[in-house]
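The sequence and structure are shown first.

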Amino acid sequence: MQRAVKALSTIAVVALPFVNVASRAAAAATAVKRKTVWKRVAGPQAQADRWGYVQVVLIVRKTTTTSSAGSKVTRRITGVTVPVYPDHTGRSQFISENSLPILISEALRAQTHANVDLVSGATYTSEAFTQSLQSAILKAKKV
Amino acid sequence: MGARRVEHVMGTAVVADIRDDGAWEDALDGLFEWLRFVDATFSTYREDSQISRLNRGELRPGDAHPDVGEVLARCAELREQTAGYFDAGATGDGVDPSGLVKGWSIERGARLLERAGCSNFAVNAGGDIVVRGGALPEEAWRVGIQHPTRPGAVSTLLAVSDLAIATSGDYERGGHVLDPFTRRPARGLLSVTLVGPDLGTGDAYATAAFAMGARGPHWTARLPRGYEAMSILVDGTVLATPGFGALEAG
């Protein structure tokens, strides 16, 4: 595959030098491999002043891009969880007093509930659905 | 006994659900009269609305209804607070405060109902919701957050009182919310749900966070006190602020 792409690129140089830039870029693009893995990285349990211990777990997206030029690794923090926190104060109190920009990460769930009063959703495409569900809910309450 | 009414106004179905005992016809008349006034004044789809006339230069800002000034000033504040991601001029077609008007007017409508004596009610404008008190005889209102890919399912259920809930998202076609900086559809998120004391503000924050794409959830981690957010990423990861979980039912 690699050889075929190179050969094509050489022909392009001979025939149309101007096009070469684009075709070489295309050749590079086809040879690039990207691998993404998600990792959980736990921090140590740290003393948080009078609050007790806190442990933070980061969710890191690690992308390894391999091309003919070598491989490059990029890491990005995509989530934060707090599995250990001072339970004698309550997590929210601790967080609000320290203003930590923390997000709790979890997987998307799908649930169906009989006992729902209203549904919040984006208006655009869901409008019909939301309206229909809303009127069904209103109807269900009268049954 | 309570009262319920559904009317199509501001391009969506608005449902008012009052659970207090009593006769609420006058209160509901007042609510929907107000919403029709808002539609007539602010709609960019109406040639004769004040917003359309402002954009054509036929109406001077100083001559507009005081509510128009209030809404446009609030849009400017929200643009600042959201680093430009909530932008009432994003369409490049004059000013368009629609992103704030619905939530703002429903919040104001809720105050009208309270003044008329209601204390346990919900108003739902196409998925943007204000709740007050409880869903009598239940203590709290049970508000489902629509699942972004499965119609009929909810991704979570909140049990709430005295709160506004707004969701911004692209469930099917994409391209509804534009990144005001690139003028291209925002990517990276399926939906952002905001809860807090004011529906207009929450709705604007949800729109801004959605427009930010993958960086949106991190921005929601620093919302003003009282506001909490839940973002659903395109890979199905849910990122919520810690206080959001506290609102979830059972």
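A residue is buried if 20 or more other C-beta atoms lie within 10 Å of its own, exposed if 12 or fewer, and partly exposed in between. The model considered here is predicted.

By that criterion, Asp162(B) counts as partly exposed, because it has 14 C-beta neighbours inside 10 Å. Asp162(B) lies in the loop that joins β6 (154-160) to β7 (163-169) of chain B. Ala83(B) counts as exposed, because it has 11 C-beta neighbours inside 10 Å. Ala83(B) is placed in the loop between α3 (66-81) and α4 of chain B.

**Backbone angles**

Most residues other than glycine have a negative phi, and most peptide bonds are trans. Ala83(B) has a positive phi although it is not glycine, and Asp162(B) likewise has a positive phi as a residue other than glycine. The phi of Gly117(B), which follows α4(B), is also positive. The phi values are listed below.

| Residue | Phi |
|---|---|
| Ala83(B) | near 55° |
| Asp162(B) | near 50° |
| Gly117(B) | near 105° |

A cis peptide bond, with omega near 10°, runs from Leu136(B) to Pro137(B). Pro137(B) belongs to the loop between β4 (128-132) and β5 (141-146) of chain B.

**Helix α4 and its partner α1**

Two packed helices are described by the angle between their axes and the distance between the axes. For α1 (residues 25-42) and α4 (residues 98-115) of chain B, the axes come within 9 Å and cross at roughly 155°. Angles over 145 degrees count as roughly antiparallel, and α1(B) and α4(B) are therefore roughly antiparallel to each other. Their crossing is right-handed.

On the α1(B) side, the contact includes Ala27(B), Gly30(B), Leu31(B), Trp34(B) and Phe42(B). The residues contributed by α4(B) include Val101(B), Ser105(B), Arg108(B) and Leu112(B). By class, the contact of these helices has nine nonpolar, three polar and one charged residues.

The 18 residues of α4(B) should span 26 Å at 1.5 Å a residue, and the end C-alpha atoms are 26 Å apart, which agrees. Which residues of α4(B) are buried? Among them are Gly99(B), Leu100(B), Val101(B), Lys102(B), Trp104(B), Ile106(B), Glu107(B) and Leu113(B). The buried residues of α4(B) pack against α1, α3, β3 (121-125), β4, β7 and α5 (199-211) of chain B.

Definitions and conventions
Residues are numbered from 1 along each chain as its sequence is written. Chains are lettered from A and ligands numbered from 1 in the order in which they are written. This is a predicted model: local features need pLDDT of at least 70, side-chain atom pairs count only at pLDDT 80 or more; totals for chains, interfaces and linings use all residues. Axes are lines fitted to C-alpha atoms, for helices over the stretch in contact, and angles run from 0 to 180 degrees between N-to-C directions. Helices (H or I, at least four residues) and strands (E, at least two) are DSSP runs, numbered from the N terminus. Angles under 35 degrees count as roughly parallel, over 145 as roughly antiparallel, 65 to 115 as roughly perpendicular and the rest as oblique. A crossing is left-handed if the near helix is turned anticlockwise from the far one by less than a right angle, and right-handed if clockwise. Two residues are in contact if their C-beta atoms, placed from the backbone, lie within 7 Å. Ala, Val, Leu, Ile, Met, Phe, Trp, Tyr, Cys and Pro count as nonpolar, Asp, Glu, Lys and Arg as charged, and the others, Gly among them, as polar. The expected span of a helix is 1.5 Å times one less than its number of residues.
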